Every structure is written in structure tokens, then in C-alpha cells.
Amino acid sequence: MVYKKPPFFTIRITEPPMPGITMSLGNMFCSRCGDGFEPHEEIVNSTGELWHKQCFVCAQCFRQFPGGIFYEFEGRKYCEHDFHVLFAPCCGKCGEFVIGRVIKAMNASWHPRCFTCESCDKELADLGFIRNHGRALCHQCNAREKAIGLGKYICHKCHGVIDDKPLRFRGEVYHPYHFNCTACGIELNSDAREVKSRPGYSANDLNELYCLRCHDKMGVPICGACRRPIEERVVTALGKHWHVEHFVCAKCEKPFLGHRHYEKKGLAYCETHYHQLFGNLCFVCNQVIAGDVFSALNKAWCVHHFACSVCDQKMTQKTKFYELDLKPVCKKCYDKFPQELRRRLRKAHEQTPKKVAV
């Protein structure tokens, strides 16, 4: 809704009549007090009505109009101050009187410059707006808010909601159909590839889009994780190419960043999680054996934990030992055993290999 300020007028003082023209004051009366006018008296003429100068005053404060300017409303004249107080609305944002064009919206009145989108601050007087949870938003911001609520993207070009998979280009998201392949001109879909600045160029706005077929002909490797082109450093592993930051441990998902990785069933693991998932646990300390492994008695041992179960003497790869209750016993402790026990242990020892190389 637009409210227009009533026309204002300046005081008109009568001037001496022009030669050949006579004026009679006998039938002229003041519109306020009804009295006539004295000869040579200053007379105010406003919209065809005559006034004594002292009678031409504000209908509210009864003072003469500063600068001769007044506002007229419903047949009565007001000075600027009283007209504002009595009739002019106050802006819902700045609180000042609104004179001239008034925007009526959101149960309030506004200066056109004050009625703006609460998200991007664009003036809404001529753009239109949408009420969104008690806020006035432009159409673009409302669409963006709606898309965020639905977990969708907003096209950077047409500002519409992207219902399907978006096309990413130069750091923004778009409807794919806004673009065509740089090589063959076919309309693109979300599988399009962005080729970054070629050698000799550095400006990001030189990036171009290609359909998948044309891109594959260019020989640019595709990341096995994000399926996007790899323009800089490339990691080749597991029969695929990867962005450095996308080649990660299958367990903790941390990038290897050049560190050693271990492969198992087509997946890559960092050293810690590979040993936790597939490595050997020491029979004594129950920790992952990161270094050399002693395998004996169908068990795994840390090198420094492989010891006689009787005297706790550390044994090496060359140390002769016997099995007692599925535990190793050194020869010195074995010789102290009763003869019958040694005979049975010796027999078991001869039938089954006791040592496995590290």
C-alpha cells in the first residue's frame, strides 16, 4: 500500500492590482474569522480561499506555518510537525515518521529503504517478499531457506531448488542443464567434470566443464573416492587413483598423507588398525605385535616376551625348549623334571616341531 503526501502550498500575499484592474474588498471575507479585509492589508490566498495573515494558522497548534508550508487533510490545514504527529505513520525499523511513499507490510509501516530482506538486506519495496517464520525474505533467500530445510541445494544461477544431484563448478552448485560440454556442446548432467586451470594458467575462472565421455579422452585421472578429476598430486593404490586427502584408512578414515599403508581385501589400513584387525596379539602382553613375531605352540609372542614359563628366562630363536601345558620350558628347567615326565615331554617334543623362525 502506498500513501502519498498531500500537496503543500506556500503563502500568497496579495499584490497591488495591475493597471486597469480594480478590486473590491466589500465582498471578500476571511475564511476563518468571517471578517472583511482592510485596504492594503496582506491577504493569504490558498486554493481560492482568503485569510487574514494572522488567521492562516495550523488547525492543531494555531501557529503560523513555518516557511509558509502546510499539509492539508480532510479539509483542515496542519503544520508539518502536527501533521506528522497526528497522521503520519512511524517506520517499523527506524522509528521515524514516514512521509511520502509508505510500505504497509508485516503489520507495520516502513520507509521503502527500511523494508529490507532480513537475510541479504535487499530492499523489498519493488521486489516483493515472502513471510517466513515471522521474517520478511526476498524470493531468493526464501528459496534458500526452504532448500536448507529440505536438505537440498540452491542453484547459483537461477536460484531455484536443485531436486536432483547438483553440478559443482568453480566452487558453486548449479542445475546441470545450465551448462554444455566445452568440447562437444552436449547438455551436461551431474557427471560432468570440471577441468581446472591448464599449465601456464592460474586464474580459476579459466576452468571448463566437459561431459564424462570427452573428459575421459583427455586422460585426466579420476579419484576413486569422490569420482572427481585429480588436477594436482595423485596417489595410485589399490588399482585406482586418489586425491591425496581422499586416500584414507578404511577404519579411522584419516588420510595417509604419504605414510605407509597396508592393503587387505581391496581396502587400505593404517598400521595401527591393520594390526588391530588382522595382526598378531602377544600371548603374554595381549598387545599388537608391531615388530618381529615369535610363533610357537600355536601362539604368537613378542620377541622380548618369549620366556621359560618356569624360570622366566628369556629365550631366543636358538634356544631349545620343550612344551609343558602348552607353555615353553627351557632345557635347564626341563632337566630338573622327574625322569618319567621328561620321557613323555621328550616324546612329544620329537613328534612336533617346537621352533618357528622369526
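Are Tyr262 and Tyr274 buried or exposed? Tyr262 is buried, and Tyr274 is buried as well, where buried denotes a relative accessible area under 20%, exposed one over 50%, and partly exposed a value in between (1.4 Å probe, protein chains only). The model is a predicted one, in which local features need pLDDT of at least 70 and side-chain atom pairs count only at pLDDT 80 or more, whereas totals for chains, interfaces and linings use all residues. Residues are numbered from 1 along each chain as its sequence is written, and side-chain values use heavy atoms, with hydrogens and water left out.

The chain contains six helices and 22 strands, these being DSSP runs numbered from the N terminus (helices: H or I, at least four residues; strands: E, at least two). Of the 358 residues in the chain, 33% are buried. The accessible surface of the chain amounts to about 23300 Å², and carbon and sulfur atoms account for 50% of that area, as computed by the Shrake-Rupley method with a 1.4 Å probe, only the protein chains shown counting as cover for residues. Among contacts (heavy atoms within 4.5 Å) between residues at least 6 apart in sequence, 24% join residues at least 24 apart.

The structure holds 10 aromatic pairs, a pair being rings of Phe, Tyr and Trp (its six-membered ring) with centres within 6.5 Å, counted as stacked when the planes are under 30 degrees apart, as edge-to-face when over 60, and as tilted otherwise. One of these is the tilted pair of Phe247 and Phe256, with 4.9 Å centre to centre and 50° between the planes; Phe247 is buried at a relative accessible area of 5%, and Phe256 is buried at 4%. The rings of Tyr262 and Tyr274, by comparison, are stacked, because their planes lie at 15° with the centres 4.9 Å apart. Since Tyr262 belongs to strand E17 (residues 262–264) and Tyr274 to helix H4 (residues 271–278), this pair ties together parts that are 12 residues apart in sequence. Within H4, His273, Tyr274 and His275 are buried, and the cover over the buried residues of this helix includes E17 and strand E18 (267–269). Elsewhere, ring pairs link Phe56, Phe65 and Phe70 into a cluster.

A search of the whole structure for disulfides, defined as pairs of cysteine sulfur atoms within 2.5 Å, finds zero. Cys117 is in no disulfide, its nearest cysteine sulfur, that of Cys120, being 3.7 Å away, and Cys117 is buried with a relative accessible area of 0%. For Cys333, the closest cysteine sulfur is in Cys311 at 3.6 Å, which is too far for a bond; Cys333 is buried, with a relative accessible area of 9%.

His52 is located in strand E2 (residues 49–52) and is buried at 6% relative accessibility. Leaving aside residues up to four places away in sequence, His52 touches Cys30, Cys33, Asp35, Gly36, Phe37, Glu41 and Val44.

Phe97 is placed in the loop between helix H1 (80–86) and strand E5 (103–105), and is partly exposed, with a relative accessible area of 32%.
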